[in-house]
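My notebook is open, and I have a few things to look up here.

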Amino acid sequence: MVKQTIQIYARVKPLGRRQQAGIYSIGEDEKSASSLEILVPRDLADGFVNNKRESYKFQFQKIFDQETKQDAVFESIAKPVAECALAGYNGTIFAYGQTGSGKTFTITGGAERYSDRGIIPRTLSYIFQHLEKDSSKVYTTHISYLEIYNECGYDLLDPRHEASKLEDLPKVTIMEDPDQNIHLKNLSLQQASNEEEALNLLFLGDTNRMIAETPMNQASTRSHCIFTIHISSKEPGSATIRRSKLHLVDLAGSERVAKTGIGGQLLTEAKYINLSLHYLEQVIIALAEKHRSHIPYRNSMMTSVLRDSLGGNCMTTMIATLSLDKRNIDESISTCRFAQRVALIKNEAVLNEEIDPRLMIIQLKKVIQELKDELAMVTGKQRTEELTQEELLQLDELIKKFLEDPDPESTLDVGADMRKIKHSFNYIKQLINRTNIPDRSLLSPDTTGDKDTNTPEKNEELKKLKDLLHQRDNEINILVNMLKKEKKKAQDAFFQLSAGSSGLTVSGSSLSISLEEGQRPSACVNGKDTQDFSSSVHRSALLHRRAGSRGEMSLGRQEAFEIFKRDYVDSVTIEDNKQLLKQRFAEAKSLGEKLNEVRNKINHLKGEITQRHMQMAALGVASPEKLNESDPMEEKLREQIEEEKKSYKTMFNRLKGLKIEIEHLQLLMEKAKVKLQKDFEIWWSEEALNLQDQQDKLPVNNSASSLRASPQPLESQQHLYTKSFSDISGVTLSEDPGRKNSLSRLSNSASRTRIPQSSSSSIPLTGDSQTDADILAFIKARQILMQKKGLGNK
């Protein structure tokens, strides 16, 4: 709760061209308050001797002179009230003064320049800027704009204003609840989510106001207007909502009919304006009196609406606008007197917090349901409707938690609903039946309470279970050892087979059948020999594929992979990363050694300080007066330690950065390695498929089942393979000496393989599709890569 009096401020309107300035002075007091002194000139018509006052002095929180700008007025008056409204307190700012003294200009502002914006648009801008910055709460803002014209209320935001007469519009009426809270009927609340929408509503209301030209003002507002900003805020997950209202009131100006000489409709409007301001002054006077029991709020609509602002739950600020020319001195003095009476009123602003109505509704519904359940249980009335699926799931979860709770004093609270009680008993019964307990007597009331019963039986059963578990563990261990031995034997046999045969060689017994029998080149191999040859080839290819899956490649694939890796697109990047990684490793190693040296040095300096302390203690025993003297050597050692610590920290941070960089480079190298292997496998598969398609298109005289054995010796076969490779690739061994060794290895491998003769192609093939694809892919890869280097046509 915040208790404070209504804050009053004064603003002096600049004089016009034809107006004569009155005599006044503004002074600053020690208590951060301002004083205004108005001097009344002596009227010679009243005689030389008269007792009229010639000086009037009034106190204000602050006085704004004629040169004060709109932004200064906002910072001093409106900004504190807007901050309180954002915090959850009600606030009111109203301007009071005679007609033509600058009330509307102060509250709403001028329309000619952007800097002439008044309190209302600047407050809207400040509030929405704060809402955008504060993300800890959820805000909603609503706008209402009320006009009180001739003691009748109208909604300025009603869209029917432009198309209808004022008499045809619905009037805003005041409703009061039992707690004496005021509610306005037919006054709309328009939601504004941003500053632009709020300003549009303000401009719409200003265009619908009653304005007329009077002798005192060319555009005089003939009604009281109350612009209200409703703010509600709520923190996520909280059950309380803060609601606040900020009233920005532009009162119509009082005027003396005898001085202005108006008539007709303007005279009627002036009567209602002066009457409502008179009732406002009565309320102010009543509130200023301490022992006054009745406050006449209901005399006018304006005082009823502003009940909280005047002596209630609100932080109120008043601006007294003054026109200090000689003609309006009396009216200005009257306005200052009214402000002094207003300053005596104390308001008690309370933080407006309330529980979220939606949460209240949920809680009340829950209470009603519990009361219905208790009533049904007491009266014995059976409920016919069944539990919903959601209620059943919640109930099952509650029962599970109750059964798993080891606390013997825990209870199961399902409420006074017989349906839930029956479901709980059924659930526990089904659970007991599923567990299939052999000894039903354990569930009887006589035996469940005795904890020591059947203890020897339980111990014996536990011992049997432990023995059985130990036996199972021994069996599992034996099986695991047997599997390990079998796996080791299989690996040894596999490695022996891999060592005895290469990816492109076939067993000699199968290949030499034709040579031992001395068959002619045109003699056909019988079915058994063909079957042995085919099985041997397939067995060799299978071994090659298994070895390749473990990281071993055939000679052709290895040679092609080396050439592919050398001409790979990212090979330069990979090498650069390797070199950079080596540099970083060397730098990290050097830094680590330096860190160890610095650490050892720090420990050594600490040891010297300790020895120095011991020496000083020994000297202190001999001469106690030296104990209080400072040791320059110790200070020097401590400075060295601090320097070494700084150096250690710098190198340690650098080492941490190197660690992150090395891990990043290792990750990049691993990714590049995987990508290289993947790209090579894709390229190799595509080339193998293309060459296989080309081989299938060539005419073949004999099928694989009628293979002919070659009678040529090994040397001639090697020469044939070399010649065939040269014919296909266009490069001889003598032309490319750098790759002679790899081609020789491939030729030797092919010479040990049985080569079928074809009338249309001289490519040496083995008869196995995988092996033939490897040879053809290697030849094609060499030809393509050498053509890229400009060697294909040499």
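I began at I148, whose bridge partner in strand 9 is G153. Before going on, I noted that this is a predicted model, in which local features need pLDDT of at least 70, side-chain atom pairs count only at pLDDT 80 or more, and totals for chains, interfaces and linings use all residues. Residues are numbered from 1 along each chain as its sequence is written, and side-chain values use heavy atoms, with hydrogens and water left out.

I took helices (H or I, at least four residues) and strands (E, at least two) as DSSP runs, numbered from the N terminus. Two strands pair if DSSP finds at least two bridges between them.

How many of the 12 residues of strand 8 are buried? I read 9, so the strand is largely enclosed by the rest of the structure. For burial I used relative accessible area: buried is under 20%, exposed over 50%, and partly exposed in between (1.4 Å probe, protein chains only).

**Entry: the turn**

Strand 8 and strand 9 form a hairpin with 2 residues between them. N150 is in that loop and has a positive phi of about 55° although it is not a glycine. E151 sits in the loop between strand 8 and strand 9 too, with phi near 65°, also positive in a residue other than glycine. Buried or exposed? N150 has 17% relative accessibility and so counts as buried, while E151, at 26%, counts as partly exposed.

**Entry: the second largest pocket**

I worked on a 1 Å grid over the protein atoms alone: a pocket is an open set of points where a 1.4 Å probe fits, with protein on both sides within 12 Å along at least five of seven lines, and lining residues have an atom within 4 Å of a point. The volume is the space filled by probe spheres set on the points, which are joined across faces, edges and corners. I noted about 970 Å³ for the second largest pocket. Of its 33 lining residues, I182, H183, H230, K245 and D308 are the closest to the centre. Elements giving two or more residues to the lining include strand 8 (138-149), strand 16 (240-250) and helix 7 (301-305). Strand 15 gives the most, with 5 residues.

**Entry: an aromatic pair**

Rings of Phe, Tyr and Trp (its six-membered ring) pair if their centres lie within 6.5 Å; planes under 30 degrees apart are stacked, over 60 edge-to-face, and the rest tilted. I count 6 aromatic pairs by this rule. One of them is F74 with Y126, edge-to-face at 6.2 Å centre to centre and 65° between the planes. F74 lies in helix 1 (residues 70-87) and Y126 in helix 3 (residues 119-133), so the pair ties together parts that are 52 residues apart in sequence. Both F74 and Y126 are buried.

**Entry: helix 8**

The expected span is 1.5 Å times one less than the number of residues. For the 14 residues of helix 8 (residues 329-342) that should be 20 Å, and the end C-alpha atoms are 20 Å apart, which agrees. Buried residues in helix 8 include I329, I333, C336 and F338.
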